[in-house]
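Subject: Structure for you to look over

Hello,

Here is the structure I promised. Please open it first, then read the notes below.

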2 protein chains.
Amino acid sequence: MFTPAQYQILTAISRSGTMSRTDLAGVTGLSKASISMLTKELIGRGILGERELVFGQGRPSVLLGLEANAASFVGISLQADPTILLLTDLHGAPRARMELPRRRGHEQCLTELVEALPTLLSRAGQPVGPISGIGIALPGFVSRDRTTCLYSTALGWSNVDIVGYLATLCDIPAYIENDANALILGEQLFGIMRDCPDFSMIAVGDGIGCAHIVDGRLHRGHNGGAGEISHAPVVLDGGTIGALPCRCGKRGCLETVATLQAIRAAARQAGLPSDIAELAQMAQTGRPEALAILHRAASALGIAIAQLIQMFDPSHVVIMLDTALKGEVFGAMVQQTVEAHVMRRPDGQATLYLRDAQKDGFASGAASLAAQQFLFGLDR
Amino acid sequence: MFTPAQYQILTAISRSGTMSRTDLAGVTGLSKASISMLTKELIGRGILGERELVFGQGRPSVLLGLEANAASFVGISLQADPTILLLTDLHGAPRARMELPRRRGHEQCLTELVEALPTLLSRAGQPVGPISGIGIALPGFVSRDRTTCLYSTALGWSNVDIVGYLATLCDIPAYIENDANALILGEQLFGIMRDCPDFSMIAVGDGIGCAHIVDGRLHRGHNGGAGEISHAPVVLDGGTIGALPCRCGKRGCLETVATLQAIRAAARQAGLPSDIAELAQMAQTGRPEALAILHRAASALGIAIAQLIQMFDPSHVVIMLDTALKGEVFGAMVQQTVEAHVMRRPDGQATLYLRDAQKDGFASGAASLAAQQFLFGLDR
DNA sequence: TTTTATAGTTTATCAATCGAAATAAGTGCC
DNA sequence: GGCACTTATTTCGATTGATAAACTATAAAA
């Protein structure tokens, strides 16, 4: 779609919102002459637009920004039932939304998704740009070429060539990604971690997802399995002997203690309410049994994050907590454990960001898969 | 020194040893015409040379290879006392070697190193190319711009601008790096992991070093501390309560169980010989106390490696064992623990490579710091 | 010997980019 | 208001790096 130099410009502007031509020359390393030519074409194609003037000494500079309606993207989250479809613009802002109950077979499921696109488009209040890509976030393993779902317990799919199948149904390019990876890409592109080249994310919900941005790019790992932290051996005091067995066959996995399901199960067993919000409430008021359960989960999570920080040395770690866990208590406990287990470095420490999971986070991340292709080109 | 396209050529040839011009056109994506021009210049400058012909159908192709004497590099290891200086050629082969007792102050230490260079050069039997870079591997933290040693307990240095100081002493460019990082770069450039874009290394000696190659590049982490695995919480059965306290203040760190020092200490306490080779011998003949100590160390290491594989998903993990630990027993125990703790993936597993640490591994890695600059350019 | 296949070179050409000069559009001072 | 000064952006000719296509070289196969 664009030349490498144009992608440089789009990337830079997408990161910082708006930039003058001279700013662009500075960050891209291109000459002002080139920037002039390139931006002229991008403005001509409706991708960039001139914004307000910035006055200083001399001639004021003209800020350039992305035209929100130059293109739109569809993000689809298969992470949970129902499937969520989100239409976003070039700024990553949602413009329309819909839900679909999930079908079993992948053919029916994908066909319905494509058939739903016109409805989705019609729901956008304001006019939007042409759909230039579809991103899909799914729970499971994705092949290295990112066309095929190798295996997904949640969906019951194995070896489904999603990109290939969608290509037979419509001619909008499609991109798939593991759900945690989609989520972190969303944060990197349009979220709080904009422009941050080295950070990790860990998302706690019914499962535990984790992903890394290394050197500005998503680190997928050799088999696309980087970030599989659920089965990290996080043995707490008492050793593995007392720990719960995990479905992976080991004992003491993070998953057996720190997912919502694990917390609920522990609460049930202790005769406490299995509703997490209620449990958190009890903990806040000082009920020791409730506190103990949450503390166990938070400690395990903290230890896993500490291991991650030691090995990876990210500049930031984003901890996405399910809304049920939000509030001061749980987050603080995690933070405390991390701090206790990370060795001090001579020049600073990873910063933790506690965040409540957004309702459409996965779908939004999925949309940013397509946005990423549009704005940065294929190489990323 | 070279244009980006020339670096592409040098990189490709360095990886595979020799390539024909047509091969180069294939892997670099450049046209045959460009390759023709570029190689002509590189041959003219004495960097590349024509090797044997390969006959097939049609005109035979001429293999091109790096001229070993086009340049040489000095690698300096401050990892242990004495300091080791190694002179290597473009193939990474050692051509001269010397040792220096380590001096306390950084000024005296660095000055002596520079003064030793003529001696080092004179010890090369065959003539070598001009020294085009000095690489230094040091135990400790290196600043993000890789000019300064932020802090090193072993050396007793803090905030020493090594690169800046060396620039005042001689005008050969110098590059510094953390010792584990230098070691892995050596493996990537001239060792068994040539051409592998995603792998990790863990080196067990008096300390435990770890480093990662991600996407073909060294992953330093935000504060240059990626790979600090020594203090990974590796709690074994029995929980943290029984675990030894670590100098970092925590309990159950990998370092307290799996370094040579830790193994020696455990042996002493059990009334066994503190010589590791002897201990390994006893374990091999079935002495349970000796086996238990080694098993404890190997398990801890295996768990840490399993955590690493889960989080990073490297294609390979190189385990460098001190020569004292070499032999079947210890390595097999590590391997077993790793396999027990890594979750199966749908498309393959990380491969473990057990390797005996080379005597001059760190110095050789340090030399490859400079070689990397020469062959790949500054961007890597 | 002729044909065919593949490797590498030459040459005319193209597209991206640059440096320098020109132009645009303000501020501040008299 | 007018002039000096500053900074942003555009224009233009020149340069560079890479290319396609035609050409030469050199072998195996027929």
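Start with Pro82(B), which lies in the loop between strand E4 (72–77) and strand E5 (83–89) of chain B. Helices and strands here are DSSP runs, numbered from the N terminus (helices are H or I with at least four residues, strands E with at least two). The bond joining Asp81(B) and Pro82(B) is a cis peptide bond, with omega about 5 degrees. In chain A, the peptide bond from Asp81(A) to Pro82(A) is cis, with omega near 0 degrees. Pro82(A) sits in the loop between strand E4 (72–77) and strand E5 (83–89) of chain A.

Some ground rules. This is a predicted model, in which local features need pLDDT of at least 70 and side-chain atom pairs count only at pLDDT 80 or more, while totals for chains, interfaces and linings use all residues. Residues are numbered from 1 along each chain as its sequence is written, chains are lettered from A and ligands numbered from 1 in the order in which they are written, and side-chain values use heavy atoms, with hydrogens and water left out.

How the chains relate. Chain B can be laid on chain A by a turn of 180 degrees and a shift of 0.0 Å along the axis, with an RMSD of 0.1 Å. That is the relation of a two-fold axis. The superposition is by least squares on the C-alpha atoms of residues with pLDDT of at least 70 in both copies.

The interface. Contact (heavy atoms within 4.5 Å) links 47 residues of chain B with 47 residues of chain A. The buried area is about 4000 Å², and carbon and sulfur atoms give 58% of it. That area is the accessible area (1.4 Å probe) that two parts lose on being put together, summed over both. In chain B, Asn223(B), Met311(B) and Asp313(B) lose the most area to chain A, together 17% of what that side buries. Of the interface residues of chain B, 100% are also interface residues in chain A, so the copies meet through the same surface.

Salt bridges. The term means a side-chain nitrogen of Lys or Arg within 4 Å of a carboxyl oxygen of Asp or Glu. Two of them run between chain B and chain A. One pairs Asp215(A) with Arg217(B), the closest N and O atoms being 3.0 Å apart. H11(B) gives the most to the side of chain B that touches chain A, with seven residues. Asp215(A) also has a positive phi of about 60 degrees, although it is not a glycine. Its place is in the loop between strand E13 (208–214) and strand E14 (217–218) of chain A.

Over all chains, the search finds 26 salt bridges. Arg220(A) forms one with Glu177(A), where the closest N and O atoms are 2.7 Å apart. Arg220(A) is in the loop between E14 and helix H7 (239–242) of chain A and Glu177(A) is in strand E11 (residues 174–178), so the pair ties together parts that are 43 residues apart in sequence.

Last, a sheet. Chain A has an open sheet of three strands in the order E8-E9-E10, with antiparallel pairing. Strands E8 (141–142) and E10 (157–160) of chain A stand at the edges with a single partner strand each, so one side of each is left without a neighbour in the sheet. Strands pair if DSSP finds at least two bridges between them. Two bridges join E8(A) to strand E9 (residues 149–152) of chain A. Val142(A) has Cys149(A) as its bridge partner in E9(A).

Best wishes
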